[in-house]
Amino acid sequence: MTRFEDCSRLPAPDDNVAIAVRRLEAGTMIVHGDREFAISHTVLEGHRFVFAPIKSGEPLLSWGLPFGNAVRALAAGDYLCNDRILRALSERDIDFGLPERANFVDLFAPYHLDANEIVPGQQVSRAAIPGSFHGYQREGSRGVGTRNFLVVIGLTSADAALATAIAERVRAQHDRLDREACEVVAVTHTEGGGKRAPHNLDFVLRTLAGFAVHANTGAVLVLDHGAGSYTNTDLQTFMRAEGYPLDHVPHAFVTAQGSFDDAVNRSMQTVADLLPKACAAQRSEQPLSGLRLALQCGGSDAFSGVSGNALAGWVAKELIRQGGSANLAETDELIGAESYVLENVRDRDVAVRFLDKIATFKERAERHGASAEGNPSGGNNYRGLYNIALKSLGAARKKDPEVRLDHVLDYGQPMHEGGYYFMDSPGNDLESIAGQVASGCNLILFITGNGSITNFPFVPTLKFVTTTGRFELLSNEMDVNAGRYNDGMSMPELGGETFELVRRVASGERTKGEAAGHSQVSIWREWRQQDGSQLARLQAQAIPTGEPLQAVAAAAIELSFDALLTNRGVASDQIGLVMPTSLCSGQVAELIAADLNARGSLPAGLSRFVALAHTEGCGAANADDLYLQTMVGHLRHPFTRRALLLEHGCEKTHNDAIRHWLQKNGHAASDYGFASVQLHGGIECVRERVVAWFADSLAKLPACKTVRATAKDLRLALLSTGPLDEATSSLFAALAVGVVAAGGTVVVPDNDSLWRDARFANAVLLAPGDIRPSLAYGELAQKAGLHVMRAPTEDCSETVTGLGGTGVELMLAGIGDTTAQAHPMIPMLQVCGDGEHVARYQGDLDLVVPNDATQAYAELTALVAKTMSRKYQPQLSQRGYVRFQLTRGELGVSL
């Protein structure tokens, strides 16, 4: 017999379903008072079972609110499962049997506001004795900082590599810089890399403006190439028009107009002026009313609403009593909890505005063929969150019942006074946090059930984990064990201890995440559809066949190069690939790859280890196929000698899901390694696990022999950054048909301006008007010949990332408007014949195209052979001017 209170929890006394606090085997006898009942099927920790009998059609209750309806009569002890949870568990390697069918259906009852129900609420009373912390008092209305940073912002995705390079150089030159005096960080993101104004432009400008004047920003440098969909001038104009206190922060806006080195040198001169101003700031005693908390959750589980979120709500309540403010976000993660959120609200206008944000969010998802109710990830499901209603009921507990909802904000809209705020945002953790920081939050409370290790670059993140077991597994990454509440500690005692930790961290104590040294930024990504008129057409797009297009007949190109003979054929390089399965394991993958590269001599035949950090794998709909196709293309790329997939642990595309996807698509999962940040005990533990796996797996492979390869072994990609000069266009055409005639492979994206250039299209395609994609985005080319890759994006970096998945071993970028950020794994030659552009980018170009076509062809052929032989490294690639960014296509939307 097992006592009910020893193995389960009821979030509210009248609930008819309970949460298992540990795994309960089928047949376990539960005793509660004078009742006894048996568990019908094995119940995992965090999953639910019936506590009181439920009739068919009756609601299932948690926190006293419904999340589903029984489809048949349910007895005490029955394991609860809907179709979604059965699918989620079927993807996992579990050692027990599942029920044959679901026993409840989800309940998504629309919430209808009754004006008579809205009674203006009361906010918690102010504390009799105000508290204080030590922070940075900023000028004007900027508030109080908890940290002091020189922030280097890349204005668009096209500026990411430059911003990263500047921050790295500043840190290298000032390696003895007192971290307490001033730190330096690059802030890069995915937006603005196209030509047209994006649909999320207001969101992006608000976010960047908020970063620039944030209280933790001691000084800011904003970098721009002037070639994106908005410019530094646009941002400055927006900030002036909207009243952002730009003049109260040391700042500079730099537009790069020359080579990469010129841009770096010019920016460093600006940094020399900004850095002393930032370092001059000093901490002083400040009232706690200067704290603005971001309340955020990620990798949630069934206990998030019981312990972690409730603890965050308690801390927020105490801060509001001190005159401070708290910011709740993640719009779709409050669907189903509207009645709870609005039990205590300032007035009807605030209630209406809150519900309008939910309605707009739902409509945006629907016009992309998605549902806002599809939010819970595979990790959420595995840890007991069956649907969005159940997830929302727990997420809403970040608002304590005594706290009043005072304000509703647009994404990134500034907070101007104390109180409790709701900010519109997706459930995607990183995208949501970026908006909260832009709103002015100077400390983040991040609640996690699975053990998410997310950090923001210039605002400290305190991570609360919901169970003691998960805290003990990840004690090096987690700051607060909220699971102690489950274990019997009172909320006032736990809350008081945590509130003191918040005060200390605000005063400068380092969090676990700051000590680990990794962070991520992602702004609410653009949605492509303004209405549903194109939905049917986009959903009906034909799948590319993989068959190459017919190219114009030409003489075969004559060249040879030194290649490596691998077990999959010849390749011009060999690397070890650490592939993160989602955005949240990306920075950890980069840390591990850097560690592997720094460990002395590399394994025989390997040139380096590469990690491909990205922003996908969770928190979005309709983007998984694009991501997974591209991921597999890189896993099976000729360069990839061995690859390991690194999961965060709670994402949609977790390791088990990847294994199933690989097998479903005819790929052996056993060919790859798998590791988990969360399940393997945190960063240091998983780092050693990955290092050991590569050492063992690479040692089992035979050494690569060097062989002489010919043009039939070439796999090239051609692209341009804008309309090309005649010499370069003609040269690319001659190269393309020559390689194809020799039996090699050439891939050109369908969005490229080369196809709008008759000099190229007519010289390459036998049917120039038939530019149909033969490859999907990121799809590995299986047959040699001329291929067109579908590229549903305007962002050059997203196009380059997709081309990497096609298996090309060398990219050639014709320089039209600007240079291209290269691929982190695959060399890119930057080629130009336009006199004006040659003068501007002289130091970045690998080939200046001569006017003589014969000479140009000879020089390019020789450079290709030299690069393929690993005897030449492209200029910008060796400077780290690289970017890996996945597209979400035309129907991708954040959730």
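This is a predicted model: local features need pLDDT of at least 70, side-chain atom pairs count only at pLDDT 80 or more; totals for chains, interfaces and linings use all residues.
## Strands, cores and salt bridges

Trainee: In which sense do E10 and E11 pair, and over how many bridges?

Mentor: Antiparallel, over two bridges; E11 covers residues 144-145. Within that pairing, Tyr136 has Gly145 in E11 as its bridge partner.

Trainee: Which strand is joined to E10 by four bridges?

Mentor: Strand E16, residues 284-287, which runs antiparallel to E10, residues 132-137. Look for His134, which stands opposite Glu285 in E16.

Trainee: What holds strands together in general?

Mentor: Strands of a sheet pair through backbone hydrogen bonds, and the pairing can be parallel or antiparallel.

Trainee: Where do I find parallel pairing, and in what order do the strands come?

Mentor: In an open sheet of seven strands, with parallel pairing and the order E19-E20-E18-E17-E21-E22-E23. Its edge strands are E19 (407-409) and E23 (480-481), each of which pairs on one side only.

Trainee: How many bridges join E21 to E22?

Mentor: Five, between residues 443-448 of E21 and residues 461-465 of E22. Thr448 is placed opposite Val465 in E22.

Trainee: Which strands does helix H12 lie across?

Mentor: Strands E17, E18, E20 and E21. H12 spans residues 429-438 and runs at about 170° to E17.

Trainee: New topic. Which residues have the most contacts inside the largest nonpolar core?

Mentor: Phe211, Met239, Phe354, Leu445 and Phe458, in a core of 144 residues. Helix H7 (residues 304-321) gives the largest share of this core, eight residues. Another core, of 44 residues, lies apart from it and includes Ile575, Met631, Ala643 and Tyr777.

Trainee: What does Phe458 touch?

Mentor: Leaving out residues up to four places away in sequence, its contacts include Phe149, Val185, Phe211 and Val437, and also Arg147 and His214.

Trainee: Why would nonpolar residues gather like that?

Mentor: In soluble globular proteins, nonpolar side chains tend to be buried together.

Trainee: What about charged ones? How many salt bridges does the structure hold?

Mentor: It holds 47 salt bridges. One of them is between the side chains of Asp400 and Lys317, at 3.8 Å from N to O. Asp400 is in the loop between helix H11 (388-395) and E19, while Lys317 is in helix H7, 83 residues apart.

Trainee: Are Asp400 and Lys317 buried or exposed, and why?

Mentor: Buried means under 20% relative accessible area. Asp400 counts as buried because its relative accessibility is 12%, and Lys317 counts as buried because its value is 8%.

Trainee: Which residue does Lys871 meet in a salt bridge?

Mentor: Asp562, at 3.4 Å from N to O. Lys871 lies in the loop between helices H25 and H26 and Asp562 in strand E24, so the pair ties together parts that are 309 residues apart in sequence. Lys871 is exposed, with a relative accessible area of 57%.

Trainee: And what is the partner of Glu809?

Mentor: Arg715, with the closest N and O atoms 2.1 Å apart. Glu809 sits in the loop between helix H23 (796-805) and strand E35 (810-814), and Arg715 in strand E32, 94 residues apart. Glu809 is buried, at 1% relative accessible area, whereas Arg715 counts as partly exposed at 24%.

Trainee: Which residues are linked in a network of salt bridges?

Mentor: Glu191, Glu431, Arg525, Glu616, Glu798 and Arg888.

Definitions and conventions:
Residues are numbered from 1 along each chain as its sequence is written. Side-chain values use heavy atoms; hydrogens and water are left out. Two strands pair if DSSP finds at least two bridges between them. Contact means heavy atoms within 4.5 Å. Axes are lines fitted to C-alpha atoms, for helices over the stretch in contact, and angles run from 0 to 180 degrees between N-to-C directions. A nonpolar core is a set of buried Ala, Val, Leu, Ile, Met, Phe, Trp, Tyr and Cys residues joined through side-chain atoms within 4.5 Å. Buried means under 20% relative accessible area, exposed over 50%, partly exposed in between (1.4 Å probe, protein chains only). A salt bridge is a side-chain nitrogen of Lys or Arg within 4 Å of a carboxyl oxygen of Asp or Glu.
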